[in-house]
Amino acid sequence: MKVLHINQSDISGGAAIAGYRLHKELLKQGVNSKLLVGNLQTDDEEVNLSPRRYRLENQLGRFTSRLGFNHLNYFGSFDIPKHRFFQECDLLNFHNLHFAGFSYMAIPKLTKSKPAIFTLHDMWSFTGHCAYSFDCNRWQNGCGSCPYPETIPAIKRDTTRWEWKFKNWVYRNSDLVIVSPSKWLAQQAKKSILNQFSIHHIPYGIDTDIYKPLDNKLSRSILGIPLQKKVLLFCAVKLNEPRKGGDLLIKSLSSLPEKLKKECILITLGKPYSALDKSTDIETIHLGYITNDRIKAIVYSSADLFLLPTRADNLPVVLQESMACGTATVSFRVGGVQDLVRPNVTGYLAQEENIEDFSKGIEVLLKDDKLRYEMGLNCRLIALEEYSSKLQAKRYLNLYRALLNRKSNSNQLTQLSSSI
């Protein structure tokens, strides 16, 4: 079986990491897996840049961007059928398509000759522009009058109703099977223009041989973290991104009892956020953006609590990694977080954007070592049983085979009809 993935990047960002891990696990399972990406970060010979027409795209981009359309200028996407990876593959697996280098208008052409799966990593595929709509439900019936034009990917003009219509036309002329990593996103997709396709739930997978509980004291010693401190961990590519809730974290930590603050230290992974140092009265160590899986496992294992103050999320990869390392979580009751953070089992779920409740969760779990230890054991067990990379690859392989069999049977019926 030969599979071609099309994604924003190989390892830059959560959706890229999730897609790349699936690609690597499929290779282990004997599948010929390749990637075309818009942002190439590795020297993996199985990964290539997606075709581009830079001069034409740049010229068109100045026009389409002013109109409020972010991706229609990437005409190089229509050249993907000329690429060796595409010509050799049996089927396609789309991932995060709102990146610099792909036009969703090319999907009908690409799926005309190849069966395709579209793995959703956020809501963008069925909205008029945004990756997360927060409290807006306009995407259910056509978008327009967008309340959040500045959210990623931001638009300069409100053309959300037109983009929604363009996407609807694309899907009506494409052959796709939809996969959602979280139950929440699958439910949203069923309410959207994607409901014309079959929708499946397959969670992300992680390598539980790498992400596993390591000795806490040794991990802290390696990182230079005081052994006597209560360690809180916060991760995001950009720690100051509003959706990730860094501002909510600052308010939550600031409201902790002064005595508890002195006992804590905050560790961060991602682009530093200076406000965390200035506003919480808690010692903070910024480790920067780390991509090495084994180093990240050491960081997770050094923590007493993983903090995820997100306003909206699908199935956070960092949360899965933390769970596999046996670290309990405090987060908000939003999106696919609820698949992972199970109250009194793997962590504490605060009410959405409720600072007092989030702060209470931190305090309750830090003060109860026994409960936190039991949650850590549950986290590891659930990661092994539900979120291993092997299980994810198995589920995808079953879906790939079903899709190829459907295509084969359809071709046979077409040939039979032609011969009658």
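The axes of helices α8 (residues 246-254) and α14 come within 8 Å and cross at roughly 60 degrees (axes are lines fitted to C-alpha atoms, for helices over the stretch in contact, and angles run from 0 to 180 degrees between N-to-C directions). This is a predicted model, where local features need pLDDT of at least 70, side-chain atom pairs count only at pLDDT 80 or more, and totals for chains, interfaces and linings use all residues. Residues are numbered from 1 along each chain as its sequence is written, and side-chain values use heavy atoms, with hydrogens and water left out.

So α8 and α14 are oblique to each other (under 35 degrees counts as roughly parallel, over 145 as roughly antiparallel, 65 to 115 as roughly perpendicular, and the rest as oblique). Here's who touches whom, with contact meaning heavy atoms within 4.5 Å:

| Helix | Residues in the contact |
|---|---|
| α8 | L248, L249, K251, S252, L253 |
| α14 | I355, F358, S359, I362 |

Now for the sheet. Six strands form an open, parallel sheet in the order β10-β9-β8-β11-β12-β13; two strands pair if DSSP finds at least two bridges between them, and helices (H or I, at least four residues) and strands (E, at least two) are DSSP runs numbered from the N terminus. β10 (283-286) and β13 (347-350) sit at the edges with a single partner strand each, so one side of each has no neighbour in the sheet. From one strand to the next, the twist averages 20 degrees.

Helix α14 (residues 355-367) packs on this sheet, touching β8, β9, β11 (305-308), β12 (329-332) and β13, and its direction makes about 165 degrees with that of β13.
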